[in-house]
Amino acid sequence: MRGFLRRDLDLMIPNLKIYGGIFAIMLVVSFFTSLGLDFFAIYACIFTFSGMLGLFSYDEANHWQAYAAAAPNGRRSQVEARYALAFLFSGGVTLVLLIADLVSPDGRGMMGMPFFYGGLGLVYAAVAMPLCYRFGVNRGRVFLLVIVALSAVLGAVGSIAGMAGGGEADFPVWLGLLLLGAGILANLISRGISVRIMARKEL
Amino acid sequence: MEYAVKIDHLCKDFGSFSLKDVSLAIPGGTILGLIGENGAGKSTVIKCLLGILRRDSGEVSVLGQEGEAALTEVGYVPDECPFSDALRVKQVGKFLGGVFPGWDETLFGHYLEKFDLPAEKKVKELSRGMKMKLSIAAALAHRPKLLVLDEATSGLDPVIRDEILDEFLAFLSDEDHAILISSHITSDLEKICDWVVYLHRGEVTVSGAKDELLDNYGKLSCSRADLSRVEPALVVGKRTGEFGCQALIRDRAVFQQAYPDLPLDPASLEDLMIFTTRGDRA
């Protein structure tokens with residue numbers, strides 16, 4: 001699995017540098033404007049996971065899945081590496097947001113949000129990856145667009161409800177951890193499904 | 001281990017195309033060339049052998065083992081470079097070290113040097129020939145016993161092709177090693193192969209030791225009247241033109257005894273392919 005993970009990281013690093021730069025600008029903006037960091041965090045999740053879908057595009061362009069299947073334990077290892085990458089990215093997003101919330105004067109009441117976004121990223125990966133393995137990257141992208149649109153609608157509804165209720169509500173840590181746990185569980189189940197899809201797939 | 005590869009009665013049905021009852025065997029220390037026109041099923045045989053495609057029926061054994069167990073000792077070179085354009089040559093070596101248990105980074109470096117592949121260059125900056133050399137370096141650097149090459153020399157200039165063919169011959173200096181190579185460039189295979197299997201529309205049409213095959217077949221150039229005298233059972237395929245005919249003849253010795261007045265030229269693998277595929281049936 002180590003080699004497959006390294007390949008994925010090598011391919012992602014140029015994109016991550018760009019995403020990292022954008023996210024750093026967003027962090028700075030959030031400190032000096034009324035826009036909270038969580039407003040931007042959703043974009044970090046989207047960038048990261050659309051980058052992961054980009055890896056499937058690389059796979060398809062180079063027939064990598066077929067080549068990898070001819071390596072020892074290659075079918076399983078390439079799937080496991082990609083799920084490990086999803087965990088790494090979700091962990092990274094959670095950690096950066098936690099640090100940002102800790103140093104932000106308004107962030108203390110929202111300490112559950114970093115875990116929520118980490119969990120959300122894992123849920124994206126859990127649903128998109130089996131689709132990519134089964135149907136190809138294009139359907140995975142369509143799914144990502146649908147889930148982003150849904151998230152935006154839910155976010156808007158939540159904001160309106162919050163304002164109607166007399167201001168912003170805290171987002172407790174336990175709720176964030178619960179969502180993160182759900183994301184981890186979804187990812188573990190999804191990994192099993194993807195391994196089974198790849199084991200049977202004609203490449 | 002008697003055979004590096006043994007395929008018995010392999011069948012694979014795709015609906016519009018099917019591989020029918022393909023059998024072949026590669027003894028250790030030899031090269032088998034899989035020839036056939038585009039779409040004849042060469043890549044399908046290779047993919048079934050490596051488990052990239054699931055076979056419908058038949059038996060496949062690689063280096064005396066079945067299933068994934070043998071893949072540690074197989075070097076695979078697909079027809080297209082499998083490494084992303086965005087990667088650097090040296091990155092390919094680094095990550096493949098974590099994919100193949102027997103990976104030898106020093107040996108990979110040696111091949112990069114030998115093939116003039118700059119480690120710092122990105123794959124997208126390499127020519128098609130250089131990409132193919134990179135794939136071959138990657139296949140050889142984990143010290144395989146069996147090399148499987150799918151159209152590895154197609155689209156390359158003659159100098160690079162010759163260089164690559166020399167590398168294959170060097171690989172075979174160890175008697176434990178064997179090569180399965182598919183190509184429609186029959187001149188390459190004629191240079192290096194010990195065995196030839198000719199696939200046509202998913203079926204094995206001709207197979208055997210290359211030298212015996214070439215000895216057994218001959219090419220006849222004559223008039224229509226002369227061709228009409230020839231026993232049809234001896235004619236594999238024929239092409240009739242305005243000024244005469246050409247035919248591929250089997251059982252060269254029998255033919256020369258029966259028709260001493262008709263001159264027979266040696267046949268090439270290309271003749272074998274063309275007359276079987278495009279020639280009018282006898």
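Helices and strands are here DSSP runs, with helices of at least four residues and strands of at least two, numbered from the N terminus. On that basis chain B holds 10 helices and 14 strands, whereas chain A holds seven helices and zero strands. The model is predicted, and the points below take up each chain as a whole before turning to single residues.

**Chain B as a whole**

- The radius of gyration of chain B is 21 Å, which agrees with the value near 19 Å that a compact globule of 282 residues would have.
- Taken along its principal axes, the C-alpha trace of chain B extends over about 65 × 40 × 35 Å.
- Among the 282 residues of chain B, 52% count as buried, and the chain exposes about 12,200 Å², of which carbon and sulfur atoms supply 46%.
- Of the contacts in chain B with a sequence separation of 6 or more, 69% are accounted for by residues 24 or more positions apart.
- The side chains of chain B include 32 positive and 45 negative ones, and the centres of these two sets lie 6 Å apart.

**Nonpolar cores of chain B**

- The largest nonpolar core has 135 residues, and the members that touch the most others are B:Leu24, B:Phe83, B:Leu96, B:Leu134 and B:Phe168.
- Apart from that core lies another, of 13 residues, which includes B:Val235, B:Cys245, B:Phe255 and B:Leu262.
- When residues up to four places away in sequence are not counted, B:Leu24 touches B:Val5, B:Lys6, B:Ile7, B:Leu32, B:Leu34, B:Val45 and B:Val197.

- B:His9 is found in strand 1, residues 3-13 of chain B, and has a phi near 50 degrees, a positive value in a residue other than glycine.
- With 48% relative accessibility, B:His9 counts as partly exposed, since that class lies between the limits of under 20% for buried and over 50% for exposed.
- B:Asp21, in strand 2 (residues 18-27) of chain B, likewise has a positive phi, of about 50 degrees, although it is not a glycine.
- At 44% relative accessibility, B:Asp21 also counts as partly exposed.

- B:Glu167 lies in helix 5, made up of residues 158-171 of chain B, and is buried, with a relative accessible area of 9%.
- Beyond its neighbours within four places in sequence, B:Glu167 makes contact with B:Tyr111, B:Lys114, B:Phe115 and B:Leu140.
- From C-alpha to C-alpha, B:Glu167 and B:Asp215 are 27 Å apart in space, and 48 residues separate them in sequence.

**Chain A as a whole**

- Read along the sequence, chain A follows the pattern α-α-α-α-α-α-α.
- Where contacts in chain A join residues at least 6 apart in sequence, 81% of them link residues at least 24 apart.

- Not counting residues up to four places away in sequence, A:Asp8 touches A:Leu55, A:Ala81, A:Arg82 and A:Leu85.
- A:Ser190 has its place in helix 7, residues 173-200 of chain A, and counts as buried at 3% relative accessibility.
- Leaving aside neighbours within four places in sequence, the contacts of A:Ser190 are with A:Tyr83, A:Ala125, A:Ala126 and A:Pro130.
- A:Ser190 and A:Phe49 are 141 residues apart in sequence, with a distance in space of 15 Å from C-alpha to C-alpha.

Methods. Residues are numbered from 1 along each chain as its sequence is written. Chains are lettered from A and ligands numbered from 1 in the order in which they are written. This is a predicted model: local features need pLDDT of at least 70, side-chain atom pairs count only at pLDDT 80 or more; totals for chains, interfaces and linings use all residues. Side-chain values use heavy atoms; hydrogens and water are left out. The radius of gyration is taken over C-alpha atoms; the globule rule is 2.2 Å times the number of residues to the power 0.38. Buried means under 20% relative accessible area, exposed over 50%, partly exposed in between (1.4 Å probe, protein chains only). Contact means heavy atoms within 4.5 Å. Accessible areas come from the Shrake-Rupley method with a 1.4 Å probe; for residues, only the protein chains shown count as cover. Lys and Arg count as positive and Asp and Glu as negative; His and the chain ends are not counted. The place of a charge is taken as NZ of Lys, CZ of Arg, CG of Asp or CD of Glu. A nonpolar core is a set of buried Ala, Val, Leu, Ile, Met, Phe, Trp, Tyr and Cys residues joined through side-chain atoms within 4.5 Å.
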